[in-house]
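The following account leads the reader through one protein model, from the packing of its elements to individual side chains.

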Amino acid sequence: MKENNNIIMTEEQLNKMVVKLADEMTRRIYGINRDDARKTFSYFADKEEDHAVGELARLMTLMNIYEEREEYEKCATVKKHLDTVNTILDNL
């Protein structure tokens with residue numbers, strides 16, 4: 001007797017499973033999980049201008065992501081940070 005093992009998932013359930021799988025793979029490969037990485041990893045540039053340009057790039061990437069998702073409140077928040085970083089760069 002053959003069993004039917006087809007599993008039906010919603011898109012949300014599938015996305016949650018993918019995130020859990022990615023977290024587990026990261027933990028196994030690097031010996032850490034995503035939350036630990038955010039708390040312990042430090043990325044820095046040796047010049048203040050380089051750090052500001054890197055932050056500008058990160059914020060612009062987030063802005064593009066939020067625009068594609070039509071999450072305009074998040075865009076407004078990121079825009080405020082972009083303006084601040086641009087002011088810092090202008091003063092360097």
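Helices α3 and α4 are roughly antiparallel to each other, a term applied to angles over 145 degrees. Their packing angle is about 160 degrees, and the axes of α3 (residues 48–68) and α4 (residues 72–91) lie 9 Å apart. Axes here are lines fitted to C-alpha atoms, for helices over the stretch in contact, and angles run from 0 to 180 degrees between N-to-C directions. The crossing of α3 past α4 is left-handed, meaning that the near helix is turned anticlockwise from the far one by less than a right angle.

The model is predicted: local features need pLDDT of at least 70, side-chain atom pairs count only at pLDDT 80 or more, and totals for chains, interfaces and linings use all residues. Residues are numbered from 1 along each chain as its sequence is written, and side-chain values use heavy atoms, with hydrogens and water left out.

The protein contains four helices and zero strands, in the order α-α-α-α from the N terminus. Helices are DSSP runs (H or I, at least four residues), as are strands (E, at least two), numbered from the N terminus. Of the 92 residues, 13% count as buried; buried means under 20% relative accessible area, exposed over 50%, and partly exposed in between (1.4 Å probe, protein chains only).

The loop between α3 and α4 holds Glu70. Most residues other than glycine have a negative phi. Glu70, although not a glycine, has a positive phi of about 60 degrees, and this residue is exposed at 56% relative accessibility.

Five salt bridges are found in the whole structure, each a side-chain nitrogen of Lys or Arg within 4 Å of a carboxyl oxygen of Asp or Glu. One of them links Glu71 with Arg69 at 3.7 Å, N to O. Glu71 also forms a salt bridge with Lys74, with the closest N and O atoms 3.5 Å apart. Through shared partners, Arg69, Glu71 and Lys74 are joined into one network. Within helix α3, Arg58 and Glu55 lie three residues apart, about one turn of the helix, and form a salt bridge with closest N and O atoms 2.7 Å apart. Arg58 is partly exposed at 42%, and Glu55 is likewise partly exposed at 23% relative accessibility.

Met9 is found in the segment before α1 (11–30) and is partly exposed, with a relative accessible area of 38%.

Technical notes. Parallel < 35°, antiparallel > 145°, perpendicular 65-115°, else oblique.
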